[in-house]
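Have the model open while you read.

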Amino acid sequence: MIIKDDNCFILNTTNTTYAFRVMDTGHLEHLYYGRKINISKETLSAIVEKHEFINGNLNYYDNEHKNIGLENIKLELSSYGKGDIRESSIDLVFEDGSFTSDFLYVSSQVNKLKTGIPDLPTAYDDCKAGAELEVVLKEKYHEIYLHLYYYVFTDCDCITRRMTIVNKDNESVKIKKIMSLQLDFDDYRYILSTFNGAWAREMNRNDFKITSGKHVNASYCGVSSSRSNPFIMLRKYHTDEDMGDAYGFNLIYSGNHYEAFEVNSFNKARLVLGINPQLFEYTLKTNESFNTPEAVMTYSKNGLNDMSNNMHEFVREHIVRGAWKAKPRPVLLNSWEASYFHINEHSLLKLANEAKKCGIELFVLDDGWFGKRSDDTKSLGDWEVNQHKLPHGINGLSQKIKKLGLDFGLWVEPEMINVDSDLYRLHPEWVIDITNRDHSEGRNQRILDYTNPAVTDYIIEKMTEVFASGDISYVKWDMNRIFSDYYSKALKPEEQSSLSHRYCVGLYKVMKELTDRFPHILFEGCASGGNRFDLGILCYFPQIWASDDTDALCRAQMQHNYSYGYPLSVVGAHVSNVPNHQTLRKTPLETRFNVAAFGIFGYELNLVDLNDEEKKAIKAQVEIYKKYRHTLQFGRFYRGRSFQVFNSNETVLNQSDGNLLEWTVVSQNQEEAIGLMMQKINVANTSTHLYYPKGLKEDFLYNIKNREMKYNVKEFGDLINMLSPVHIKQDSFLHNVIAKFVKLDGEKENYIAYGDTLMYAGLHLHQAFAGTGYNDKVRYFPDFGSRIYFITKEEK
Ligand code: GLA
């Protein structure tokens with residue numbers, strides 16, 4: 001799948017082709033990336049851009065190549081100073097202060113095995129089905145080499161690229177910018193999508209048409225961030241979820257990242273992605289080298305859903321690793337929204353007991369169990385159990401939880417320290433801050449200096465103690481602030497400007513060591529929710545808590561948007577109480593379940609305080625989730641309609657637009673699928689809804705049905721008087737008594753149909769309640785109402 005012929009390179013996956021060549025000048029010219037084409041050395045000239053005379057006002061490359069102006073050529077690797085004035089891939093400053101560099105082709109080889117990087121995580125290829133192309137370039141006037149590594153993941157139509165720079169010169173060189181990937185396009189007609197947000201508001205999709213100039217999506221807060229996720233997409237103007245050219249990109253990195261899409265004066269577009277160059281500077285001495293993180297790209301000619309499924313498979317198969325890679329994840333109960341810091345052994349056991357009764361499999365003790373941690377102002381760093389709250393320690397508690405029949409998990413935040421902690425009092429120099437200056441704290445805490453080996457060694461040993469201190473099968477690893485006051489007492493002055501990168505390297509060392517030491521533990525990443533939701537973390541932790549916002553309405557759109565780049569198996573999603581703790585919104589319990597079920601599922605609420613009806617409902621939810629868990633966690637996922645709609649005509653939307661959200665997850669053999677349809681706000685007098693599943697096999701015969709539900713009469717308020725022979729005052733004693741004993745049967749959907757019928761004609765659901773009558777054939781579908789549908793293959 002890698003064709004390396006003289007000066008041309010063709011990388012083929014099952015459905016895509018990526019091609020470039022060496023120009024007469026020695027530069028690498030990018031030729032093509034997109035749907036698979038038949039191309040070889042002999043037929044390559046058809047896709048090579050022709051340059052007879054240089055365009056006006058362009059600088060020509062050199063006297064022998066007066067027809068070559070690098071500003072108007074698609075390149076694999078661009079540097080500043082030789083005519084290309086677009087976003088560069090590499091900016092260097094030499095000892096004499098000059099900053100023009102020019103990298104030219106030296107050699108190339110195909111490697112059978114993927115080359116790893118010692119200090120950063122990379123994708124892996126266990127089945128060794130892919131291949132690696134290594135291309136070496138040299139700076140024209142210095143002994144500085146760039147190794148470009150392309151790895152072809154044939155199965156999932158993904159290609160990764162990264163670079164290593166090696167300084168063999170006798171002088172040192174300063175790296176001001178070094179990207180992992182550069183991708184040039186002939187045309188500018190693409191829509192760039194980025195995913196931006198904030199705490200509890202992660203992953204809003206933003207679409208940009210860039211016809212000139214550039215758009216930058218970047219993080220500068222030290223972590224990949226909820227402000228701008230490193231996953232981005234490009235699509236042609238008319239591409240939608242199910243048709244058209246769609247590209248997806250991501251970076252295997254958890255720190256400051258940078259993605260720029262630029263359209264130049266010749267209508268050529270360029271995408272670069274890598275470490276954010278803002279205030280990044282790395283000095284490379286003689287014989288030193290620097291590795292960029294690995295970037296991943298994928299393409300599909302079949303729209304965004306197919307592109308996403310490529311990324312999903314890439315993440316599942318080539319990023320997530322270890323014992324939990326393909327193992328069903330347990331249904332958990334997390335203590336945070338149930339108790340916050342107010343915990344003790346007795347209350348936790350009561351909660352765990354209820355969890356067990358509901359069929360939950362794992363009990364997670366969140367924050368508050370260590371030091372003097374009664375709020376978030378103190379004790380981070382002091383990883384000793386609080387004997388007052390937990391007199392029998394973590395071991396005692398975990399044993400008791402085990403006895404109840406549940407696994408036990410624990411929360412930690414090992415990258416942080418409160419000034420009010422014994423660790424800070426002992427080692428104030430272990431903290432990222434500037435000595436004798438006021439510090440800008442975040443959540444009352446500071447960041448431990450993971451660039452300092454003394455700190456990382458200490459944390460590895462301390463966490464080893466904690467993880468071995470009881471029967472622990474799950475760890476939630478949190479990280480709750482962004483960087484400020486960058487300064488490490490362990491780094492030299494010239495190293496300070498790469499502190500945040502060095503921090504990442506330290507973090508990966510700690511994560512690698514601890515996940516190696518505790519291979520059986522299921523780790524879940526977290527950073528105030530999704531403030532560090534990226535492929536770097538996923539190389540160590542198989543799942544990440546997607547957001548502290550557990551409101552089902554917000555979560556539905558957020559999970560929809562996470563799915564553009566990430567599979568369901570990595571997205572933590574919990575059912576919480578109402579009014580929701582982040583939005584005060586009340587959504588139906590079933591909707592909270594339906595949304596969370598399309599993720600790594602759990603609960604985060606005080607089960608003890610729920611009434612029997614709610615507990616019964618939760619028990620039934622857990623049961624049904626377990627039945628379909630495998631498909632829900634590891635199936636192929638398809639987006640249908642979305643709450644977030646894009647109106648490119650600048651006209652007012654129809655009030656039904658953006659009101660429904662639709663998902664389908666399909667087992668890999670297409671014999672089972674689960675669908676979701678959710679409504680935002682009830683639009684009066686709208687009784688007709690269709691559900692359109694996706695990803696089914698056209699000629700499979702399926703049975704499709706809903707969950708049979710019963711509804712509380714109180715949901716209909718004083719409309720009860722339309723049926724009651726005597727007047728019932730709303731919320732009166734009588735109303736409550738009736739509500740206890742009389743439940744309303746919900747609609748039953750149950751059909752047999754072929755996959756093509758369901759997908760293309762759509763399933764006409766029972767009529768929704770529209771103010772003119774209700775019986776057991778009418779769909780109760782209020783604000784935030786939702787349904788899940790179960791689709792199973794029928795034997796013909
Ligand atoms: C962060 C996490 C929450 C919870 C708290 C505990 O906010 O995102 O899920 O663990 O910390 O302090």
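The lining of the second largest cavity has seven nonpolar residues, two polar ones and no charged ones. (Ala, Val, Leu, Ile, Met, Phe, Trp, Tyr, Cys and Pro count as nonpolar, Asp, Glu, Lys and Arg as charged, and the others, Gly among them, as polar.) This is a predicted model, with local features needing pLDDT of at least 70 and side-chain atom pairs pLDDT 80 or more, while totals for chains, interfaces and linings use all residues. Numbering runs from 1 along each chain as its sequence is written, and side-chain values use heavy atoms, with hydrogens and water left out.

A cavity here is a set of points on a 1 Å grid over the protein atoms alone where a 1.4 Å probe fits but cannot get out, and lining residues have an atom within 4 Å of a point. Volume is the space filled by probe spheres set on the points, which are joined across faces, edges and corners. The structure holds five cavities of 30 Å³ or more, and two of them are set out below.

| Cavity | Volume | Lining includes |
|---|---|---|
| Largest | about 60 Å³ | His27, Leu70, Lys82, Asp84 and Phe103 |

The largest cavity's lining splits into four nonpolar, four polar and three charged residues.

Ile85 is exposed, at 53% relative accessible area (exposed means over 50%, with a 1.4 Å probe and protein chains only).

How values were computed
Buried means under 20% relative accessible area, exposed over 50%, partly exposed in between (1.4 Å probe, protein chains only). On a 1 Å grid over the protein atoms alone, a cavity is a set of points where a 1.4 Å probe fits but cannot get out, and a pocket is an open set with protein on both sides within 12 Å along at least five of seven lines; lining residues have an atom within 4 Å of a point.
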